[in-house]
Amino acid sequence: MKQNTDTLYTFVTGGAFASLAFLMGIVINFLKTVALLMIVDYWIGTAASVGDKTTSSKSAFKGLLKKASMLSLIFAGI
């Protein structure tokens, strides 16, 4: 029995899925990097406020809200 395959179709769909997998890998690495930098930024801000003796839960919560809004915009852009 002879098998007939459409090489253009398999080329396009295979290329599309391979490109998508490649880009998703890049996006996931990007999100990991952004999350790590946000954690480091939060720790540095907390350490600076402890050093200045101006620690406030209100300002810490405001900083977390800023980080959450940044992440939501990044997820909306994906």
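**View 1. Serine 49, a buried residue in helix 1.** In this predicted model, serine 49 has a relative accessibility of 17%, so it counts as buried, the cut-off being under 20%. Serine 49 is part of helix 1. Look around this residue and you will find Thr54 and Thr55 touching it, leaving aside residues up to four places away in sequence.

**View 2. Helix 1 packed against helix 2.** Here we bring together helix 1, residues 7-52, and helix 2, residues 57-77.

**View 3. The residues where the two helices meet.** Which residues of helix 1 meet helix 2? Helix 1 brings Phe30, Leu31, Val34, Met38, Asp41 and Tyr42 to the contact. From helix 2 come Ala60, Leu64, Lys67, Met70, Leu71, Ile74 and Phe75. Sorted by class, this contact of helix 1 with helix 2 holds 11 nonpolar residues, 2 charged ones and no polar ones.

**View 4. The chain as a setting for the close-ups.** Stepping back, you can see that the chain has 2 helices and 0 strands. Its radius of gyration is 22 Å, well over the 12 Å that the globule rule gives for 78 residues, so the chain is more spread out than a compact globule. Along the principal axes, the C-alpha atoms fill a box of roughly 80 × 20 × 15 Å. Of the 78 residues in the chain, 6% are buried. The chain exposes about 6,800 Å², with carbon and sulfur atoms supplying 72% of that area.

Technical notes: Residues numbered from 1 in each chain as written. Predicted model: local features only at pLDDT ≥ 70, side-chain atom pairs only at ≥ 80, totals over all residues. Heavy atoms only, no water. Axes fitted to C-alpha atoms, helices over the stretch in contact; angles between N-to-C directions. Helix = DSSP H or I, 4+ residues; strand = E, 2+ residues; numbered from the N terminus. Contact = heavy atoms within 4.5 Å. Nonpolar A, V, L, I, M, F, W, Y, C, P; charged D, E, K, R; others polar. Rg over C-alpha atoms; globule rule 2.2 N^0.38 Å. Buried < 20%, exposed > 50% of the residue type's maximum accessible area, 1.4 Å probe, protein only. Areas by Shrake-Rupley, 256 points an atom, 1.4 Å probe, with all protein chains shown as cover.
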